[in-house]
Amino acid sequence: MEHNTKRIAKDFGLDVTILGKDKGHFSEAMEYNVPIVVRGIASALGMEPKIDYDEILKRADELKSMLPERMPCFCAGCPHRATFWAIKQAIRGRNVVFNNDIGCYSMAFFPPLNMTSSLLCMGSSLGLSAGMSQVLEDDVMCVVGDSTFFHATLPGLVNSVYHNLNVTLFVLDNEVTAMTGQQFHPGTPEDRGMPEGKKRIKIEDVCRGIGVGHVAIMDSYDVKNNVDIIKKALDFKGPSVLISRRSCALHGDRIKRRTGEPIIQNEVNKDICKKPHTCIRDFYCPSFEFDTDDRAARILPEICDGCGVCAKICPFGSIHRKGEEAPAKEVKQ
Amino acid sequence: MSQDSKFDLVICGVGGQGIVLLSNIIGSACAKADLEAKTGELHGLSQRSGTIYIHMRIGGDNLSPLIPYAEADAIVSLEAMEALRYIEYLKDDGVIILNKRVIHPPIEVAQLSKEKRTDFITFDEIKEKLNSVTPNVAPLSGLDLAKEAGNPLTENVVFIGALSALKAFPLEVEVLKESVAESVPKKALNVNLKAFDLGYKAAYDGLCQSVECVEREIG
Ligand SMILES: Cc1ncc(C[n+]2csc(CCOP(=O)(O)OP(=O)(O)O)c2C)c(N)n1
């Protein structure tokens, strides 16, 4: 806007000074709020702001120093959380580079995963990985969503096949463009309420068509079995694609509400729980808390989406669907 | 009721509590009442469980939807910690309508687990901090009231009812209820109106000693 304003002023031969970001009165970065704007205007006019916003903020910061951060995290039931749990197990003991991309899965950047070597813009992860794979010894892997796959990943895939590069691409296929509000895209199954006349393009067909040597599809919630599927893809010489498929939890809930399918929450059987807190520390599902008297994990029914992945990772098999018996010990590995 | 006065409101809470819908309901009530409303939403990356806050400026001749620090007339917080997170926006002696619900973020739960501690942040600790800024804090159990009304999903509507207790809030009860009715499924209308009334009553009881409130019978 600043540059266009200057251009217009020049066209009209106006002899005015136009101040903005160019001379540093306003920052190139940041989400602006009132204090930032007031300070910018004051500095342009050579004045001091009338209100001391720093003082207000300082007082507020003291009051809230007790608060834990509320970082962005995957929703309860999010298939991405499950996929990343399996990836985390599969890469144990390996040196990996993990290039992240733009979508809900970007949150792998945050705890407890802290898994991100780079994060740039939509579709960048495969291009970067392709380059890195030619100079690094590490396993190079990257992740995109189904929407980002169609939007900006195809050239990178062609490039990886053409040069036969050792990269593993995860496509987290949750049926919709989740982060921006569950919009449809060319890979969304037709029976999800798509308008008439749209034709689904399957991600696996595209990958095989381009000539990817190793394409595998996994159910995001099948976490334990997925670990080996992931290891195999990482060992494959040449480009490999792993499609992790499960509908976005919020989108899935919407469909369930429409079809009348119930959402059955999980609960912890305190008699079995030995309180290793695996569900809490490794999983970060927002539906988990623990009781202050005995430290046994507890699932908040208002938040739990009933995906049941926590039951699969519990080392003691103490989590079960409401109204069902706890799963037998076979869950333990 | 001061129909033409201005009201700056911060609405906050945790993703999934129906906060955007809540602000839409108030916004369309403003349109019905011919009051100008400007609003700006800030929600984190996550659709659920992240922190959310919305600025809403009703009436007045504001050019910007953003409320400056220390100028909000009220904070409506659907989760207790979040009221404290945005406390810099509240004016001195402003009103806080505060849900007693404390939703512990995974990072807090995991940290306590690792350190083998059990001292979760409590509602009372939060309220004490808020009271150092303003005496006008109305705590209410949004989720319990919503359940009492017949559906836990009406938690957000409880807080619209709560706002209607404030004399300074420039929207009439009828307009607010009309707007609620247009925004919720038909079969859930009665539950929502009950949630609205329960919210009104709880806020009235919590605030009428210190703040001017609207008196009305609830059915
Ligand atoms: C070039 C560009 N266009 C649009 C956006 C907005 N945007 C953010 S995330 C996203 C898509 C995410 O969808 P997907 O990759 O399927 O991941 P999901 O959120 O479903 O996990 C879009 C379009 C952007 N960040 N950059």
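**Exercise 1. Find which residues come nearest to the ligand, and which polar contacts they make.**

*Step 1.* Start with the shell: 16 residues lie around the ligand, and His80(A), Tyr105(A), Asp146(A), Thr148(A) and Ala178(A) come nearest. A residue belongs here if one of its heavy atoms lies within 4 Å of the ligand. This is a predicted model, in which local features need pLDDT of at least 70, side-chain atom pairs count only at pLDDT 80 or more, and totals for chains, interfaces and linings use all residues. Residues are numbered from 1 along each chain as its sequence is written, chains are lettered from A and ligands numbered from 1 in the order in which they are written, and side-chain values use heavy atoms, with hydrogens and water left out.

*Step 2.* Look for the element that supplies the largest share of the shell: helix H6 (residues 146–162) of chain A, with three residues. Helices here are DSSP runs of H or I with at least four residues, strands are runs of E with at least two, and both are numbered from the N terminus.

*Step 3.* Now the polar contacts (pairs of N or O atoms within 3.5 Å; within protein, one must be able to donate a hydrogen and the other to accept it, and residues adjacent in sequence count only if both atoms are side-chain atoms). Ligand oxygen atoms lie 2.7 Å from a polar side-chain atom of His80(A), 2.8 Å from one of Asp146(A), and 3.0 Å from a side-chain N or O atom of Asn174(A).

*Step 4.* Finish with the area: the ligand alone exposes 590 Å², of which the protein buries 71%. The method is Shrake-Rupley with a 1.4 Å probe; for residues, only the protein chains shown count as cover.

**Exercise 2. Work out where Asp291(A) sits, and whether this residue is buried or exposed.**

*Step 1.* Asp291(A) is found in the loop joining strand S8 (288–290) to strand S9 (297–299) of chain A.

*Step 2.* Asp291(A) is buried because its relative accessibility is 13%; buried means under 20%, exposed over 50%, and partly exposed in between (1.4 Å probe, protein chains only).

*Step 3.* Not counting residues up to four places away in sequence, Asp291(A) touches Lys270(A), Ala296(A) and Arg298(A), with contact meaning heavy atoms within 4.5 Å.

**Exercise 3. Identify the buried residues of H3(A) and what covers them.**

*Step 1.* In helix H3 (residues 53–63) of chain A, the buried residues include Tyr53(A), Ile56(A), Ala60(A) and Leu63(A).

*Step 2.* Their cover includes helix H2 (34–45) of chain A, and from chain B helix H2 (80–85) and helix H4 (123–131).
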